[in-house]
Amino acid sequence: MKKPVSIVTGAAKGIGRAIALRLKKDGFFVVIADTDLEEGAILEKELGKASGRFVSCNIGLETEIRQLFNQTIKIADRIEVVVNNAGILRDKMIWDMSVSDYDEVMGVNLRGTWMMCRESARVMKHQGYGR
């Protein structure tokens, strides 16, 4: 693959979708990482197989992050750019928020982002480049 390769988390809709479309416009191959199967498939079709693939991934789960990177390497042979865009919200007042809601939010928004950075660093160190 001659195009630079990117992963965008939370890419199926919203800001992540806009980032994925912009990266395609800028000449990147985009791996769309998201839990929304329907919207991910729609964006994959819009990007076209030559410019993007959808990979289902919950960044709150370490095994799914490893699968995301393994699949990306299998599809594109390398990774130049990773955009950590995924995030979730449980919009409740503190007195109404359960510990499990808090744990889920922190698991994706903080721990998941950290795990994505860690896996990115591992792959990019091995490659000798990346951002």
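A crossing of two helices is right-handed if the near helix is turned clockwise from the far one by less than a right angle, and left-handed if anticlockwise. The exercises below concern a predicted model.

**Exercise 1.** Describe how helix H1 and helix H2 pack.

*Solution.*
Step 1. Two packed helices are described by the angle between their axes and the distance between the axes.
Step 2. For H1 (residues 14-25) and H2 (residues 37-47), the angle is about 20° and the axes lie 11 Å apart.
Step 3. Angles under 35 degrees count as roughly parallel, so H1 is roughly parallel to H2.
Step 4. The handedness of the crossing of H1 and H2 is right-handed.

**Exercise 2.** Determine which residues of H1 and H2 meet, and classify them.

*Solution.*
Step 1. H1 contributes Arg 17, Ala 20, Leu 21 and Lys 24, while H2 contributes Leu 43, Glu 46 and Leu 47.
Step 2. By class, this contact of H1 with H2 comprises four nonpolar and three charged residues, with no polar ones.

**Exercise 3.** State the strand order of the open sheet and identify the strands at its edges.

*Solution.*
Step 1. The four strands follow the order S3-S2-S1-S4, with parallel pairing.
Step 2. S3 (52-56) and S4 (81-83) each have a single partner strand, so they stand at the edges, and one side of each lacks a neighbour in the sheet.
Step 3. On average, neighbouring strands of this sheet are turned by 20° against each other, direction ignored.

**Exercise 4.** Examine the pairing of S1 with S2, and find the strands that H2 touches.

*Solution.*
Step 1. S1 (residues 5-9) and S2 (residues 29-34) run parallel and are joined by five bridges.
Step 2. Val 5 has Phe 29 in S2 as its bridge partner.
Step 3. H2 packs on the sheet and touches S2 and S3; the direction of H2 makes about 165° with that of S3.

Technical notes. Residues are numbered from 1 along each chain as its sequence is written. This is a predicted model: local features need pLDDT of at least 70, side-chain atom pairs count only at pLDDT 80 or more; totals for chains, interfaces and linings use all residues. Side-chain values use heavy atoms; hydrogens and water are left out. Axes are lines fitted to C-alpha atoms, for helices over the stretch in contact, and angles run from 0 to 180 degrees between N-to-C directions. Helices (H or I, at least four residues) and strands (E, at least two) are DSSP runs, numbered from the N terminus. Angles under 35 degrees count as roughly parallel, over 145 as roughly antiparallel, 65 to 115 as roughly perpendicular and the rest as oblique. Contact means heavy atoms within 4.5 Å. Ala, Val, Leu, Ile, Met, Phe, Trp, Tyr, Cys and Pro count as nonpolar, Asp, Glu, Lys and Arg as charged, and the others, Gly among them, as polar. Two strands pair if DSSP finds at least two bridges between them.
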